[in-house]
Amino acid sequence: MNNDDRMYRVPSVSLCLLFLSALPATAQTLQYTVGQWNPDSLGHHRVVVHVSDSASAVVADIPWRRRDFHPEQVEVTIASASTGAVVRNQFRLSMTRERGILIFEPVSGPGDYYLYYLPYRGSIHSNYPRISYATPTDSADPAWRKTIGFGSEQGIGAGLPRARVLRIESSSEWDSFFPMEVIATRAETDVLVARAGNRPFLLFPEDRTRPVRMRHDLPARWIESGPTGPVTGSAQRGEWYAFQVGVYASKADLGPLAAKFSPLTGPAGATIPAAAFSCINLSGRDWRGQSFTRGVRVSKGEIYPLWCGVQIPESTNPGDYRGNVFIRGGASSSQALPIRLSVLPVLSVHHGDDDPWRLSRLRWLNSMLEQDDGLVAPYTAIERKGLTLSLLGRDLTLGANGLPTSLRSFFTPAMTGIGAEATELLRQPVRLVARDAHGKDLDWQGSVPTFVKQASGAVAWTTRSTTDGLVLSGKGQLDFDGTIEYSFALRATRNLNLADVRLDVPLDDQVARYVMGLNLRGSPRPPSYDWRWDVTRNQDAVWVGSVNAGLQLNLHDDQYVRPLNTNFYQQKPLVMPHSWANGSRGGCHLGEEGTLIYRVSCFSGARTMRAGQVEHYDLRLVLTPFHPIDPAAQWKTRFFHAFVPLDSVARMGANTINVHHATAINPWINYPFLRPDTMRAYIKAAHDRGMKVKIYYTVRELTTRAPELWALRALGDEVLADGPGGGWSWLQEHVEGSYLGGWFVPEIGDAALVTSGVSRWHNFYVEGLAWLAANVGIDGLYLDDIAFDRITMKRVRKALLRNNPAALIDLHSANQYNPRDGFASSANLYLEHFPFIDRLWFGEYFNYDDPPATWLVEMSGIPFGLMGEMLEGNGNPWRGMVFGMTNRLPWSGDPRAIWREWDRFGIQDTRMLGWWLPDGPVRTGRDDLLATTYLGKGKALIALASWAKDTVSQSLQINWTALGIDSTRATLVAPAIDSFQPARQFKLGEPIPVAPGKGWLLEIRNN
């Protein structure tokens, strides 16, 4: 099986197969073939008819068996095959899904004519196309209409010659409706159902290479093959063999569906156990590893494809195996379908996963890969001493309620290491407060937490507290990255009124310097601030902290579903937590209390609880930073964000290549499995040159070229999001029902569907990454926003590093603080993923004229242990350097001159001392003129950048002892850097002029 772009299935049935059976006597046999034309506006489908003799009008009777539901509402464009002349005189005598009868004038005389029957209009070349289909128009000349019988006694079309219908063509094999989207007629279906007697449903086994696509029409091929089976196929030893059974609810509603398998019996009594079978539609394991079942129901008249598979043991003896599958449609009796499977002698590679057409990867949907409590670099094992838990750079102590009484960070203020001195985040313990109807805080009684799990990467505990009329049951788990997940169930033991249930987080005033979230951009913390829940805004979290110590708080309940993001938030917004939001009563207050405390208090407001009622107050606390920043990696990892010949990358000075989709080795969005040989060869050639290759691959949307597409559609909205439909023509013509169209690449016709927030597709994704790292050699991921949760992100990191310890992940995001994206700050939205990211590239729509605090918190990544690059408008290279940020070739400016200066100076051997340090060795004395020092042995590089509105001249305040440089022998020089600064030498103490929005790179060294 080759990896042809246009079709990923074994072509076991020719496209030119003739439909001979079940056609009305007046119909002709039709061929389905591929033609050559530009489908823009004309559409992707046409009927070819032949006119034998000269005539003013001919009749074309076309048994086209169309799957679109309203052909009468769509124009038919007729053109001469020989001259291209468009036929204006035409009349639609009858237009149904089963056949169309048209009369037209053969303007070029005898010969072939093309009838384009799905012409469309719209933004054809847009990445989010809006396509509509041309509606019928009456362009026929009145005189010509008389010639075809208007007003005559014989009737319209009487006595006119007939055009011969030759074939139906599609503009590509990918666009063809053959064979699974050519409908059976109503009469054929009725006959089939009548012959089945009293059976309430019919079963149609179908090969995996012909996925069931239609849900409301039987394919015409099923009329010929008939129901009842058997399931037949050939499988290799060790293969997960996929097959499907179409369930047609012919006479009644069905559900819930159930399938039971018998063992398969083969040569000399050999068996394949029934436990080797599974149906992905009926049960599985979710992205968290939890088992579930799906209650599948099928309405009368609908078809539902059951996608099943059997894991053939590697030790299976070759030969023919026989068994049955028993399918039940709810209360109705089950029907048996024979299974006839031939096991081949050949041993399967990776269970068949190396051949996408086999669909063996469907078993990845239920994968548990990397679902463990192990570690990944650079994190260390969690240590517990009593109620104190220690992890990389941080520790916390739990109180009786399981919430922290102490949170400490040991990261140095420069963020380049972990020290011995602790920064305490809390002034008082964190509390979950219940307040009675009179405004009195209730007194919780409970014992210390009970630890129920202790692994290197996770520690979990439970708590139970009681007070008058309430029981609070808690579960908590700390992961190795510093994330604490809490689930609190508050149960009323009697009817009672509460004035409030709130979470109280009293932060140290000196730690709480910056804030981000709850409708606040990254900024200095406000003295006082109030926020309320609002479904139009993707906001349920806030981060408060300083560069080397901070805390993010997320509020959820047990019904939390991850919303969509990046352009699609409004289609699937936040589910307001019943507990915290409490209608319109819930919210948060942030504010100063004297000079010691900055309190974050999230309240739910007054509520009445009945005896036995339970409210789930779930929350997440994330301790930041996650690890020190790594400036050395920042200097040596130089990105090239495009697919070009490797020699070109080398000449540019880059060494890490991000290969986007819509490229030769990675053409289809979020499905990088169809050209593994070419991808592997490119990566090997890069490795031979000392370069790394990372690929674009995520789960936000999925190309319709994925072989698993139709099996995923059978899962309803579990994997692929519901939506209004529309979008690119292929989606409208082939994807029946509701869907949400995603990105489209006009150049290659790649249309994608948006996925749901979290689903089993994340299991598939993790398996896919492991396969790519192990078999293709990718060096990591380029993530263009993230559409999965931190559970999946943690598994992603493990899947990469356990196959390639040097793998990297960089995250790109456009600024999502806008109505379409729900006013979400990207850094706050993705902070849960930051522990597993190596580099940020926050670009489109970010404003590099924003204040330094916004740069620091929202763009740089530094308070979380990350560093990044700029994009929008090529960024600001002067300001970027005070954060260690440059641009990325070739998308965002040209950083090569700065890279050369790095290498000339030897920046890789320096320590980065950021402008935020109160005792930094070089300072300006101004808040709008910042200086970051890159300190080497006997030398320093000073990045100077201005946020002042006007040109300023400012002398530098230099601590020569901290620099380790003799001031009597020192020089201050601005080296020449193309498009950045001219060469210039300054006298020590001389005011340095800095233009608005610009700066300098100044070198200090002993002369």
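Modeller: A cavity is a set of points on a 1 Å grid over the protein atoms alone where a 1.4 Å probe fits but cannot get out, and its lining residues have an atom within 4 Å of a point. This is a predicted model, in which local features need pLDDT of at least 70, side-chain atom pairs count only at pLDDT 80 or more, and totals for chains, interfaces and linings use all residues. Residues are numbered from 1 along each chain as its sequence is written, and side-chain values use heavy atoms, without hydrogens and water.

Biologist: Which element gives the largest share of the lining of the second largest cavity?

Modeller: This lining has 26 residues, with Asn538, Asp540, Ala541, Asn828 and Leu829 nearest the centre of the cavity. The largest share, three residues, comes from E39.

Biologist: How many residues of helix H10 are buried?

Modeller: Helix H10 covers residues 761-775, and its span from first C-alpha to last is 20 Å, close to the 21 Å expected at 1.5 Å a residue, counted over one less than its number of residues. Buried means under 20% relative accessible area with a 1.4 Å probe, protein chains only. Of the 15 residues in H10, the number buried is 13.

Biologist: Which residue with a positive phi follows H10?

Modeller: H10 ends at residue 775. With a phi near 90°, the residue that follows is Gly777.

Definitions and conventions
Helix = DSSP H or I, 4+ residues; strand = E, 2+ residues; numbered from the N terminus. Buried < 20%, exposed > 50% of the residue type's maximum accessible area, 1.4 Å probe, protein only. 1 Å grid on protein atoms, 1.4 Å probe; cavity = no way out; pocket = protein on both sides within 12 Å on 5 of 7 lines; lining within 4 Å.
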